[in-house]
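Please look at the chain below before reading on.

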Amino acid sequence: MASAARGKKAKKADPDAGWSNERSAAGDRNPWLIVLVISLATFMEVLDTAIANVSLAHIAGSLAVSNDEATWVLTSYLVANAVVVPISGWLSDVIGRKRFYMLSVLLFSIASLMCGLAPSLGFLVISRILQGIGGGGLAPSEQSFLADTFPPSKRGMAFAAYGVVVVIAPVLGPSIGGWITDNISWHWIFLINVPVGAISLVLVHFLVDEPKALETERKKRNRKGLNVDAIGFALVALGLGCLEVFMDRGQRDDWFGSGFITAMALIAVVSLVLLVVWELNRKEPIVDIRLLGVPNFAVCFVMMLAVGVIIYGSTQLIPQLLQEVFGYTATDAGLALTLGGAAALLAMPLVGALSGKIQGRYFLGWAFFMQAASMWYFTRINAGVSFDHIAAGRLIQAVAIPALFVPINAQAYAGLHPSRYNHASALMNVARNLGGSIGISTAQALLLQREQFHQSRIVESLNPLDPNYVEGLKQIGATIGGATGGDADPSQLAALYQMVTRQAAMISYIDVFHVLAVLMILMVPLSILLKPAKGEH
């Protein structure tokens, strides 16, 4: 009796109960090969996204366009990417996961070649749209590969290994992009993708399988007739595409002061509301909105939104702070993030190894708290802050990043039928990308508003009748030369204005870091709502 009870208890505790390798992309090979193979294309796509940001000025000058016009190089990619990511699960089901993935890599590589050879801005923007379409299918397919190939007990470690490139590529991107642009040409930030894409295609062709179970499901589905949800696709394209334009261009075009931006916002809201209603009433939706009705998945979706906000938002803010306020070069600003990237790289396998031993919600609670702590740390900056101080703050943040990505990605699939993995992967990537766009656009808008507020408050105290004001101008005159008494000359006023704008900018960055810290603290209790996955103890 006792022996039978122990056997029953052991069987109940088995985290891999009910899992089989019939949907594995590894076939009879070592499944860790899959992680290595798919990580190559991931690194290429994520690195390319980060690299393009630092080359805009060079692109604008080379193509004889304004800096504002050149930003469409970024916006066009983000819009195309945003449209494809949510429907990638449906495309994988219809075309076949391996086939869809290889087509995505191929399109991304060809579009990269077109970008590198672009003779005009229009040609480059069209090429970036194609590149965004190809890139949008990569991450959802890759995560679906991992979820099917690894049993639940090893899924955390698999996502940790995969997450290394997702974390490291954005950190290395600005430094690599800056060096290539300064020493070779901006064209090569795109051309380097071509050989990487070719190698990825060869490796995927020979080392990644299309499981018979998936192929059988696909043929059975298509035998009934290809039911294309055209209305759903149109609503996705309009909703997410216009939302991406609204967030990416809103700050530059004065938000609702622009008729174009206002129209984008209205179209996005109406389209997304109609999308939810339409997809909930479809038997074969192009986007499986019903997944958000699964409590565990819904919590993971919200937390992934927050992860996108903090990771992308802070990665944009910190180098911008160093260059705008402290006068760092682009290379030095990138180096300030490098220590954090190294910490994340070392922490990733550790988090993966512990993911099966410690409940994911505890990992997440700690990780969100560390994100809040790092943002609070950045609120302690002053005009004399050192490089080491900034690097240490990034280190505090980066060491906890693996404890965000790994548990969320592993927990998102808990309790779902394998046939829904493609759609789940798509929605989780929508959350990350959408969170990133929200984080960047909101941070930039808040930054500008607070800078204007602080500058006006500082200027209020600059009164020519105040002895401190007069004495300050004398000291400035003694430092830079010019008059040291009487009325201030233009050089002194210019120097004073620079001091005012620098102080106002620094305080506004502190305000944004405070907001991010509060947001991360709010995520800590939310992590408790996450139910333990099967086998967690």
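## Basis of the report

This is a predicted model, in which local features need pLDDT of at least 70 and side-chain atom pairs count only at pLDDT 80 or more, while totals for chains, interfaces and linings use all residues. Residues are numbered from 1 along each chain as its sequence is written, and side-chain values use heavy atoms, with hydrogens and water left out.

## The whole chain

The protein chain has 22 helices and zero strands. Helices (H or I, at least four residues) and strands (E, at least two) are DSSP runs, numbered from the N terminus.

The chain holds 537 residues, and 51% of them count as buried. Buried means under 20% relative accessible area, exposed means over 50%, and partly exposed lies in between (1.4 Å probe, protein chains only). Among contacts between residues at least 6 apart in sequence, 82% join residues at least 24 apart; contact means heavy atoms within 4.5 Å.

## Helices H13 and H14

The axes of H13 (residues 230-249) and H14 (residues 259-280) come within 7 Å and cross at roughly 145 degrees. Axes here are lines fitted to C-alpha atoms, for helices over the stretch in contact, and angles run from 0 to 180 degrees between N-to-C directions. The crossing of H13 and H14 is left-handed. A crossing is left-handed if the near helix is turned anticlockwise from the far one by less than a right angle, and right-handed if clockwise.

Residues in the contact include Leu 235 and Phe 246 of H13, and Met 264 and Trp 278 of H14. By class, the contact of H13 with H14 has 19 nonpolar, three polar and two charged residues. Ala, Val, Leu, Ile, Met, Phe, Trp, Tyr, Cys and Pro count as nonpolar, Asp, Glu, Lys and Arg as charged, and the others, Gly among them, as polar.

## The loop between H13 and H14

Most residues other than glycine have a negative phi. Asp 254, in the loop between H13 and H14, has a positive phi near 70 degrees. Trp 255 is in the loop between H13 and H14 too, and its phi is also positive, near 45 degrees. Asp 254 counts as exposed because its relative accessibility is 53%.

## Two other helix pairs

H17 (residues 360-378) and H19 (residues 402-412) have axes that come within 9 Å and cross at roughly 145 degrees, and their crossing is left-handed. Phe 363 and Trp 366 are among the residues of H17 that meet H19, where Leu 404 and Pro 407 are among the partners. The contact has nine nonpolar, three polar and no charged residues.

The axes of H15 (residues 295-324) and H20 (residues 421-460) come within 7 Å and cross at roughly 40 degrees. H15 is therefore oblique to H20; angles under 35 degrees count as roughly parallel, over 145 as roughly antiparallel, 65 to 115 as roughly perpendicular and the rest as oblique. H15 passes H20 in a right-handed crossing, and their contact has 17 nonpolar, nine polar and three charged residues.

## Two serines

Ser 120 lies in the loop between H6 (97-116) and H7 (121-136). Ser 120 is partly exposed because its relative accessible area is 32%. Between Ser 120 and Leu 63 the C-alpha distance is 5.9 Å, although they are 57 residues apart in sequence.

Ser 508 lies in H22 (residues 490-528) and counts as buried because its relative accessibility is 0%. Leaving aside neighbours within four places in sequence, Ser 508 is in contact with Leu 447, Arg 450, Glu 451 and His 454.
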